[in-house]
Amino acid sequence: MTTLTKTEGEKAPTGPDSFLSVRDLRVRFSTEDGIVKAVDGLSFDVERGKTLGIVGESGSGKSVTNLTVLGLHNPKSTTVEGEILLEGRDLVTAPEKELEKLRGNKVAMIFQDPLTALSPYYTVGRQIAEPYMKHTGASKKEARARAIEMLTKVGIPQPESRVDDYPHQFSGGMRQRAMIAMALVCDPDLLIADEPTTALDVTVQAQILDLLKDLQQEFGTGIIFITHDLGVISDMADDLLVMYSGRAVERGSVREVLRQPKHPYTWGLLSSMPRLGADVSQALNPIPGSPPSLLNPPSGCPFHPRCAFTGEVPGDRCSTERPSLGEGRAAACHLTAEQKQSIFIDTIQPRLR
Amino acid sequence: MLQFLIRRLIGAVVIMFLIGAFTFFLFYTVPQDFAALSCGKNCSPENLAVIRENLGLDKPITTQFWEFMTGIVAGRDFATGHCAAPCLGQSFSTGEFVWDSILDRFPLTLSLTVGGLVIFLIVGLGAGLLAAWKRGTVADRAVSGASIVLSSFQIYFLGPIVLGIVVYQTGWLDNPKYHPFTENPLTWAAGMLIPWVVMATIFTAQYTRMSRSTMIEQLQEEHVRTARAKGMKQSYVFFRYAWRGSLIPIVTILGIDLSALLSGAVVTEFTFDLAGIGRLAVDSSLTKDLPVTMGVMLFGAFFILLLNILVDLVYAYIDPRVRLS
């Protein structure tokens, strides 16, 4: 079972299963216009062999969080606070040398667009072999054999000859397979997949998702799966974290969050999603307004300017007090549990049919 | 690849022919009796007729052009002897075979060009890389500032200043002079050092700025980030991934700059009073010595075309997408 039980800001010892544990992470960029709070007090855990889904709009801090885990942010303009504990070791304070040894080895990453994420100047085989040589000390020959083995595993036909191809000779789906082969070449314990299927068409997307699930079963890899596609996440993840404006607004198991969402933002996300078998005459319900500026986030609950239910909360708590995210299955909202229940049943659920 | 080379070579031949034709006929639009120029003062009509015949000036212009062009491939016979292929004709004023005078002066121009090129590439790209690596630091600002100042200099301005200080004031170096490389590489380098540095300075600044900006651009590329995400060392990512990509625009600009480099060599030759090809070209057009001008034009064009093909090959080497398409 996933232990999504820690409250924000709490520095609890990580459980025996918790491989990665992020505690009260705050990431700020200094820009010419001011300070951007890209991530503001985020906590989550990932276990070996499980998948944590992170959903949210563009600019909600999903990608930044995960780049920060690997230390891939620009150190000059970024300040990182909080803890990122990998097997108990804090990565925020770890020196670059130590991070280098972790990247591609214990923690690997798959990026969104395999066209731009692979170097056009080197063969696919070399790009897969490189981290293997670096982290295991394998010879060129061994690394090449390993690259062929990995290409076979991810389902590239004729891997012996394809290993010497350049990325531009691969199709989009094959490039993403090569990217996955590259990420898994050192058997990482944690794989961060940053929208790995967004740039692919639907049939290829399904293949890639199946591949990731198969490989996860084989290697027991923990996965952080970042996406804004709720359909994909319901298929992939065990647990789900909904992010808004650099904060977690709701968390729980995928089933709980998608079946009985408790946060108005999650309601909005689900209502704005088209469904097969839905009444075609019924319009989609997009969330009004636009994502908040991270330079100057709204006071109180960051979602309050777009929330339809602020009137249900007594006083002006929504615009003055930031709701905290409780333990375990929780949503950061000032509505009471009963209010959430009745609004969901009366207003939201009919829209989801 | 081979097909590409053949296509480029055929293209080069066509371009050379067009340049030759253009130069030739342009020259004849100038109303001028070349034989009279060659004969000098107190020229008797008989002498004039002989010279005219010797130089082939009594034939129609098209025939002269044809003879000139075939001479390049097959060689020609003049009254003074056989001119072996590639024959670029015979100078009107000195009677020397043009090919010989070009070969005579070419080593100097080649030394000047290649030396300047090597210096500005090493210094320019190196400084640009340093600035990109240390972006935002004092080193970056110093390099960027210096490159703006230096790029506003001109060879004929900077040349005399350097000469004045290094040669006349302090006597650290002798006046620039060409010594063949085969004789003594050290004196060769010492003789060319000042022209190299002055010429390179003008180009260095531009390449510094370019390599800095393309490098900074490349460092933000996603595939560079992927390389870091794989755990590759920062210096490895910098040189193997980012630099490789940033070389592409640099090589492209270099291909365009090659002709500027040759004209830079001409100005440099004049500035330091060196007798190279550029000198030959200017002198010959002042004395209306058609074969020499033609020869130098064609030779220069050939040289630039050759270097351009070389640049394309380098380009294909750097970027596999070019190689295979």
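**Strands, cores and contacts**

I start with a pair of residues: A:Phe29 stands opposite A:Thr78 in strand E4 of chain A, where strands (E, at least two residues) and helices (H or I, at least four) are DSSP runs numbered from the N terminus. Before going further, please keep in mind that this is a predicted model, in which local features need pLDDT of at least 70 and side-chain atom pairs count only at pLDDT 80 or more, while totals for chains, interfaces and linings use all residues. Residues are numbered from 1 along each chain as its sequence is written, and chains are lettered from A and ligands numbered from 1 in the order in which they are written.

Strand E4 covers residues 78-86 of chain A and is joined to E1(A) by eight bridges, the two running antiparallel; strands are taken to pair if DSSP finds at least two bridges between them. Together they belong to an open sheet of four strands in chain A, with the order E2-E1-E4-E5 and antiparallel pairing. Its edge strands, each pairing on one side only, are E2 (34-47) and E5 (89-90) of chain A.

Turning to the interior, a nonpolar core here is a set of buried Ala, Val, Leu, Ile, Met, Phe, Trp, Tyr and Cys residues joined through C-beta atoms within 7 Å. Buried requires 20 or more other C-beta atoms within 10 Å of the residue's own, exposed 12 or fewer, and partly exposed lies in between, with C-beta atoms placed from the backbone. The largest core has 94 residues, of which A:Ala178, A:Ala181 and A:Val242 touch the most other members. Helix H7 (residues 172-184) of chain A provides the largest share of this core, eight residues. Neighbours within four places in sequence aside, A:Ala178 is in contact with residues including A:Leu118, A:Ile156 and A:Phe170, contact meaning that the C-beta atoms, placed from the backbone, lie within 7 Å. A second, separate core of 40 residues includes B:Ala127, B:Ile155, B:Tyr207 and B:Leu219.

Which residues make up the contact between the chains? It takes 18 residues from chain B and 24 residues from chain A. On the chain B side, H9 (222-229), H10 (234-271) and H13 (320-324) each supply at least two residues, and H9(B) has the largest share, with seven.

Within chain B, the domain assignment, whose bounds come from an automatic or database source, gives domain 1 (2-97) and domain 2 (99-324). Their C-alpha centres lie 33 Å apart, and the contact takes 23 residues from domain 1 of chain B and 19 residues from domain 2 of chain B. On the domain 1 side, H1(B) gives the most, with nine residues.

Most residues other than glycine have a negative phi. A:Asp24, although not a glycine, has a positive phi of about 50°, and this residue is found in strand E1 (residues 18-31) of chain A. B:Lys288 likewise is not a glycine and has a positive phi of about 55°, but its place is in the loop between helix H11 (277-286) and helix H12 (290-318) of chain B. Is A:Asp24 buried or partly exposed? A:Asp24 is partly exposed, because 17 other C-beta atoms lie within 10 Å, and B:Lys288 counts as partly exposed with 17 C-beta neighbours inside 10 Å.

Notes
Two residues are in contact if their C-beta atoms, placed from the backbone, lie within 7 Å.
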